[in-house]
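Here is a walk through one protein model and its ligands.

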Amino acid sequence: MTKAQVWKLKTAFDGIPKPENFELIEEDLPRLKDNQILVQAVYLSVDPYFRIFVGSDGDLPGEQVAKIIKSNAPDYPVGSLVCVHAGWRSHTVVNVTKSRRLELIREVPGLSPSLWLGTAGMPGVTAYVSFFDKCAPKSGEVIVVTAASGAVGATVGQLAKNLGLTVIGIAGSKDKCEYIKSLGFDYAINYKEDNISDALDKAAPNGVDIYYDNVGGAIADTVFGKLRSHGRVLICGLISTYNNTTEETGRNWSKDILFKQLKIQGFIVSDPEHSSRFSTARNELISLLRQGKVKAKEHVTEGFTKMPAAFIELFTGANFGKAIVKA
Ligand SMILES: NC(=O)C1=CN([C@@H]2O[C@H](COP(=O)(O)OP(=O)(O)OC[C@H]3O[C@@H](n4cnc5c(N)ncnc54)[C@H](OP(=O)(O)O)[C@@H]3O)[C@@H](O)[C@H]2O)C=CC1
Ligand SMILES: CCCCCC(=O)/C=C/[C@@H]1[C@@H](C/C=C\CCCC(=O)O)[C@@H](O)C[C@H]1O
């Protein structure tokens, strides 16, 4: 009988996640039935949204790249890699006909399969579809991106640069700022050291056309104040607020929205509206990665037992690139 190691949420989060919120249990897995495969996690994705979306039974969500180690499904041979939404588990029995999110990973020379969790997966597709379909970007415009060295932010910035926009990234350390400059960003602002407002005035004296918001909170308020007439805001994430224990109060932007005729949109990549865009976006991202026109940085933590630590790091900025655990 195969045993699985499974991370569960033991106590509800209160503020920033802590190691004691999690427990590691062992589970006996059932024998395989028809159309089932047994997979073993190779790389597990670590994403900010886990902070909010935990199953009622304490199951932790998320995708993993996993190896098929037993198979009762002819199209899923042993040894193949899949990308599957299996959560924080070392081993999982997956029903190939019923699983909502399961796909075989095709081998692409030069690309690690772990990219299926990052630039060639959910975060990359988020960046691609939200930027091209929702931001109405035009060459010559100015875009500001927050969490700019991360999985989503770095991809948005590079896509914008490829299209001829002036790209301003905001990130939380000197190293991260140097990194995004090396990717081609025109300006990098360290929000932990620089005065964001002054730095934006210098980098974008005529204002900002697009604000790609990954963080919300006070940083977003400052960027909002720099938007030009007909500016667009894409709210992709609000990571600075996920650990809040009290309701956030921010500036009321109604007057700016009205008089500058701003367009503000939220975006959730898993909305069915975007499902038809997934494969185009992924194929395009793979092609850009292979040509070196988009670069991907991964922050890999070794060991399934480190899942909680790798997750907690997202909220201190200790990850530098797409957070992944190698089992
Ligand atoms: N809408 C959608 O469908 C999706 C949305 N997202 C969202 O995109 C955002 C980025 O996700 P992802 O690229 O995976 O993660 P990242 O790889 O960017 O990692 C998270 C980063 O957020 C930054 N951060 C953490 N706390 C704060 C804070 N208080 N203020 C400012 N920055 C902070 C840190 O970078 P630094 O050191 O620079 O502070 C940290 O490294 C998240 O908000 C996430 O929820 C992600 C996927 C899909
Ligand atoms: C904690 C909120 C995070 C929002 C931004 C984000 O990181 C989204 C990530 C999605 C995530 C969204 C999950 C649920 C959306 C709520 C609407 C619903 O369907 O109930 C999940 O789909 C994976 C990431 O794509």
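This is a predicted model. Begin at ligand 1, which 28 residues surround. The closest are Lys176, Tyr191, Tyr242, Phe267 and Asn319.

A polar side-chain atom of Tyr191 sits 2.5 Å from one of the oxygen atoms of ligand 1. The backbone takes part too. A polar backbone atom of Asn214 is 2.8 Å from an oxygen atom of ligand 1. A polar backbone atom of Phe267 is 2.6 Å from a nitrogen atom of the ligand. Taken alone, ligand 1 exposes 910 Å², and the protein buries 91% of that. Two elements give two or more residues each to the shell: helix H1 (122-134) and helix H2 (151-162). By residue type, the shell divides into 18 nonpolar, nine polar and one charged.

Now turn to ligand 2. Its surroundings are Tyr49, Ile52, Phe53, Met122, Cys236, Tyr242, Ile268, Val269 and Ser270. A polar side-chain atom of Ser270 lies 2.6 Å from an oxygen atom of ligand 2. On its own, ligand 2 exposes 600 Å²; the protein buries 65% of that. Its shell holds eight nonpolar residues, one polar and no charged.

Next, look at the nonpolar core. In soluble globular proteins, nonpolar side chains tend to be buried together. Here the largest nonpolar core has 45 residues. Those with the most contacts inside it are Trp116, Phe131, Ile143, Val156 and Tyr212. The elements giving two or more residues to this core are H1, S8, H2, helix H3 (174-182), strand S11 (208-213) and helix H7 (278-291). H1 gives the most, with six residues.

Trp116 shows how such a residue is surrounded. Beyond residues up to four places away in sequence, Trp116 touches Val65, Cys83, Glu103, Ile105, Arg106, Val108, Gly121, Met122, Arg282 and Ile286.

Finish with Thr146, in strand S8 (residues 142-146). Is Thr146 buried or exposed? Thr146 counts as buried because its relative accessible area is 0%, and buried means under 20%. Its side chain makes a polar contact with the side chain of Tyr211, at 3.2 Å. Leaving aside neighbours within four places in sequence, the contacts of Thr146 are Gly153, Ile170, Tyr211, Tyr212, Asp213, Asn214, Val215 and Ile219. Among them, Asn214 has a polar backbone atom 2.8 Å from an oxygen atom of ligand 1.

Notes: Residues numbered from 1 in each chain as written. Chains lettered and ligands numbered in written order. Predicted model: local features only at pLDDT ≥ 70, side-chain atom pairs only at ≥ 80, totals over all residues. Heavy atoms only, no water. Near = heavy atom within 4 Å. Polar contact = N/O pair within 3.5 Å; in protein donor to acceptor, adjacent residues only side chain to side chain. Areas by Shrake-Rupley, 256 points an atom, 1.4 Å probe, with all protein chains shown as cover. Helix = DSSP H or I, 4+ residues; strand = E, 2+ residues; numbered from the N terminus. Nonpolar A, V, L, I, M, F, W, Y, C, P; charged D, E, K, R; others polar. Buried < 20%, exposed > 50% of the residue type's maximum accessible area, 1.4 Å probe, protein only. Contact = heavy atoms within 4.5 Å. Core = buried A, V, L, I, M, F, W, Y, C linked by side-chain atoms within 4.5 Å.
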